[in-house]
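Open the model in your viewer and follow along. We will go from one selection to the next.

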Amino acid sequence: MSLEHFIQNAISEWMRVKGPQSDIVFSSRVRIARNLDGLPFPLLSTQSQAEEVVRRVEEAWKNDKDRLAVLKDAELIRMSDLTDLEKRVLVEKHLISPMLAEESRHGAVLLSQDESVSIMINEEDHIRIQVLFPGLQLEKAWELASQIDNWLEKHLTYAFEGGYGYLTSCPTNVGTGIRASVMVHLPALAMTQQLNRLIPAITQVGLAVRGIYGEGSEALGQLYQVSNQVTLGQSEEEILDNLQGVVRQMIEHEQIARRRLQEMSLTQLEDRVHRSYGILAHARIIDSNEAMKRLSDVRLGVDMGLILGVSANVMNELMVMTQPGFLQSYANQRLNPEQRDIRRARLIRERLAMEQTKEQ
Amino acid sequence: MLCPECGKRPATLHYTKIVNGEKTEFHLCEVCAQEKGEVMPGFEHGFSFHQLLSGLLNFNSSPQEAYKPQTLRCNTCGLTYNQFSKIGRFGCGDCYKTFRERLDPLLRRVHGHSTHRGKIPERAQGELKLKKELEQLKAELAAKIETEEFEEAARLRDQIRSLQEQLEK
């Protein structure tokens with residue numbers, strides 16, 4: 001497969017569009033958890049009950065003539081039909097969760113053509129509707145998720161109780177069932193040592209900060225996921241407003257930090273981003289930690305206008321494509337870590353070279 | 001540095017675990033880390049929210065309660081409170097009713113609230129409205145009987161009946 005062709009497949013359509021505040025906010029995600037009334041949650045469901053959930057969602061989707069436009073060309077993918085590598089690629093694209101990929105029984109996903117919508121079936125809850133948009137677009141993502149929710153509710157009866165709201169397997173999701181998160185790139189705040197003060201402040205207002213691959217993962221490439229923790233007792237709008245407000249402040253602080261770096265230590269900054277670019281353009285072996293770190297530097301250089309001739313999107317692409325699952329699917333074979341490091345370096349070199357030929 | 005597990009490969013994975021305030025630093029190579037089941041981004045089964053939750057649950061129970069035989073069990077799915085406090089997840093919607101008494105303090109601890117204030121499914125919305133209407137009509141009916149307006153009462157009774165039928169559907 002040629003690299004160009006691979007990129008076409010690797011990058012979700014929604015990722016190619018530039019969203020609002022995209023120099024700092026990579027993506028906004030809204031996920032809502034729903035369960036069907038009268039069936040045990042996936043934790044305790046039997047094989048046939050789990051299959052029943054998939055069947056009901058599939059029927060609702062197939063039989064509805066005026067279903068939402070975004071789901072018209074969607075595809076229902078069963079986890080049992082995928083190889084481990086294919087599942088891993090979906091996880092690295094954030095389209096399904098590791099749990100759905102690895103632990104679910106009769107797990108499936110209804111995936112929209114542009115990959116902005118994925119409806120996971122038989123994850124921790126029967127149904128998890130996820131909407132992913134580029135840049136800071138929480139309200140739009142919630143609007144669409146809520147529309148999909150309304151559409152599903154026409155066909156299915158949800159487990160809902162007046163006092164507790166939408167019932168979920170884990171009580172940390174009960175009520176609205178909403179988890180909204182924003183992925184932010186904060187290299188300047190990290191460089192100026194301000195994150196250690198910022199992160200505790202954020203957790204105090206009921207939000208969580210994590211690495212890009214969710215719970216417990218470290219912050220690769222200075223990318224952080226900020227999300228709400230509270231799902232009960234506040235309306236969806238209040239939850240989103242709260243998150244949005246904090247994210248706006250983070251953006252502002254990051255912008256100030258970038259400006260200060262530019263004023264106070266421009267040469268050091270230029271050296272750092274160009275040095276990283278040099279390593280990416282020439283390295284023969286690179287592990288994923290270093291790759292993410294260098295990509296983060298170059299992305300910062302591009303966003304601040306210090307590196308010309310490379311589009312910011314290329315960095316987003318590479319951050320996804322240099323993950324282990326992608327590398328192996330590009331190579332079309334299983335690779336050990338050393339082989340991956342060599343392939344990763346090659347992929348990055350080739351991709352950057354593509355940009356340069358475009359320039360000329 | 002070399003990975004202290006195998007002593008062969010360089011340690012590329014460095015992390016700190018904090019358990020009960022005790023900090024332990026780990027340095028492992030990718031291979032040993034995988035074998036030990038430690039962090040592969042996106043594919044780890046390490047510390048999860050559910051474990052944290054069950055910590056809260058245990059913290060929540062008073063000493064007396066801890067010694068009480070834990071026989072509280074959900075009739076619908078068979079999950080016991082003990083199992084719930086270990087895995088931090090419910091087995092079905094009815095668990096919320098079964099464990100209500102112990103759940104409310106937990107929810108307040110996690111969310112700061114224990115009552116839903118967000119979206120309501122359209123269908124449930126309709127049902128809630130019908131139920132409210134029904135209560136209203138019943139009250140009116142009682143009033144009409146009191147004042148011996150039987151014609152009005154009969155009309156209300158029919159209305160109530162049709163509403164009840166709608167609700168049962």
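This is a predicted model. Start in chain A and select residues 288-303, helix H11, together with residues 312-321, helix H12. Their axes come within 9 Å and cross at roughly 165°. An angle over 145 degrees counts as roughly antiparallel, so H11(A) is roughly antiparallel to H12(A). The crossing of this pair, H11(A) and H12(A), is left-handed.

Now show the side chains where the two helices meet. On H11(A), pick A:Met292, A:Leu295, A:Ser296, A:Val298, A:Arg299, A:Val302 and A:Asp303. They meet A:Ala312, A:Met315, A:Asn316, A:Leu318 and A:Met319 in H12(A). Colour the contact of H11(A) with H12(A) by class: 8 residues are nonpolar, 2 polar and 2 charged.

Next, the sheet. In which order do the 8 strands of the open sheet in chain A run? Trace E2-E3-E4-E5-E1-E8-E10-E9, with antiparallel pairing. The edges are strand E2 (75-78) and strand E9 (207-210) of chain A, and each pairs on one side only. From one strand to the next, the twist averages 20°.

Zoom in on residues 108-111, strand E3 of chain A, and residues 117-121, strand E4 of chain A. These two pair in the antiparallel sense over 4 bridges. Find A:Leu111; opposite stands A:Ser118 in E4(A).

Finally, move to chain B and select residues 131-166, which UniProt lists as "domain: UVR" in an unreviewed entry. Over this stretch the chain is 92% helix and 0% strand. The end C-alpha atoms of residues 131-166 are 10 Å apart.

Technical notes. Residues numbered from 1 in each chain as written. Chains lettered and ligands numbered in written order. Predicted model: local features only at pLDDT ≥ 70, side-chain atom pairs only at ≥ 80, totals over all residues. Heavy atoms only, no water. UniProt positions renumbered as here; feature names shortened; annotations may be inferred. Axes fitted to C-alpha atoms, helices over the stretch in contact; angles between N-to-C directions. Parallel < 35°, antiparallel > 145°, perpendicular 65-115°, else oblique. Left-handed = near helix turned anticlockwise from the far one by under 90°. Contact = heavy atoms within 4.5 Å. Nonpolar A, V, L, I, M, F, W, Y, C, P; charged D, E, K, R; others polar. Pairing = 2+ DSSP bridges.
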